[in-house]
Amino acid sequence: MKITSRSTAPRRMPPEERERSIVDGAIALAREGGLEGLTVRAVAARVGVTPALVAHYRPVMDAFVAEIFGHIVAAERDEVIAAFDGVGDLRAGLHDLIETLLDGERDDVTLIWVQAWALGARNEILAARVRSEMDGWQSALEQIFVRAAAAGVIADGRADTAAWLLLAMVDGMNAHSLVKWAPSDRADLARRALSAVLDSAAPHASPLASPTDLRTEHQ
């Protein structure tokens, strides 16, 4: 008797699982090459589906790019802040936090941030998400400095200024490192810069001008 073999048909994924696979594939693609590589065809090739299927689940590519950006940077923020929570020595904890952000192990996320700032100039949906995620970082860091103020590490009322200075330092140094324009030991520079921020905002120091104050002075 002749036996005819039958090939097993590919398993048909439920819509929720298929959508998750498309999002996960786009996240992996962005982490490898940045946001600029996110196209319908590239995501489809990565996931192993047709471009039409990607477009079915995510019909607006600008919104999809913003979504993927948000997934990646929010996950990093949650990871870093969660690692800080519960530390006893706030000053030492802040040093560890900054060293984590500047240790060179997160250059893939740095590239995504830099590309998001650039692409956001032409993609308002992405720009709105960038602003939201930056607000999230500023708020998280400000809450850390509020705790530092309560512990007497910095003066009351200076938490917002310290958070802005810290965020600007991290963003600038990480962006510079992408083109190898950064000190060989970013962690050492981070420690010294953070000490300057903390000491200048300490209770015995003269108050720092807030960003609003600085804008008013130059009007």
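Which residues in α5 meet which residues in α7? L90, L94, L97 and L101 in α5 meet W137, L141, I144, F145, R147 and A148 in α7, where contact means heavy atoms within 4.5 Å. The residues of this contact divide into nine nonpolar, no polar and one charged. In this division Ala, Val, Leu, Ile, Met, Phe, Trp, Tyr, Cys and Pro count as nonpolar, Asp, Glu, Lys and Arg as charged, and the others, Gly among them, as polar.

The model is a predicted one, in which local features need pLDDT of at least 70 and side-chain atom pairs count only at pLDDT 80 or more, while totals for chains, interfaces and linings use all residues. Residues are numbered from 1 along each chain as its sequence is written, and side-chain values use heavy atoms, with hydrogens and water left out.

The protein has ten helices and zero strands. Helices (H or I, at least four residues) and strands (E, at least two) are DSSP runs, numbered from the N terminus. Of the 219 residues, 40% count as buried; buried means under 20% relative accessible area, exposed over 50%, and partly exposed in between, with a 1.4 Å probe and protein chains only. Among contacts between residues at least 6 apart in sequence, 68% join residues at least 24 apart.

Two packed helices are described by the angle between their axes and the distance between the axes. For helix α5 (residues 90–101) and helix α7 (residues 124–150), the angle is about 160° and the axes are 10 Å apart. Axes here are lines fitted to C-alpha atoms, for helices over the stretch in contact, and angles run from 0 to 180 degrees between N-to-C directions. That angle makes α5 roughly antiparallel to α7. Angles under 35 degrees count as roughly parallel, over 145 as roughly antiparallel, 65 to 115 as roughly perpendicular and the rest as oblique. The crossing of α5 past α7 is left-handed, meaning that the near helix is turned anticlockwise from the far one by less than a right angle; clockwise would be right-handed.

A151 lies in the loop between α7 and α8 (159–177) and is exposed, at 52% relative accessibility. The C-alpha atoms of A151 and D89 are separated by 9.7 Å, although the two residues are 62 apart along the chain.

Now to the charged pairs. Side chains of opposite charge can pair when their charged atoms come close. A salt bridge is a side-chain nitrogen of Lys or Arg within 4 Å of a carboxyl oxygen of Asp or Glu, and by this rule the count comes to ten.

One of them joins E19 and R58, at 2.7 Å from N to O. This pair links distant parts of the chain: E19 is in helix α1 (residues 15–33), and R58 is in the loop between α3 (51–57) and α4 (61–84), 39 residues apart. E19 is partly exposed at 28% relative accessible area, whereas R58 is buried at 15%. R58 also forms a salt bridge with E67, with the closest N and O atoms 2.7 Å apart. Through shared partners, E19, R58 and E67 are joined into one network.

Another salt bridge connects the side chains of E32 and R46, at 2.9 Å from N to O. E32 belongs to helix α1 and R46 to helix α2 (residues 40–47), 14 residues apart. E32 is exposed, with a relative accessible area of 59%, and R46 is partly exposed, with 35%.
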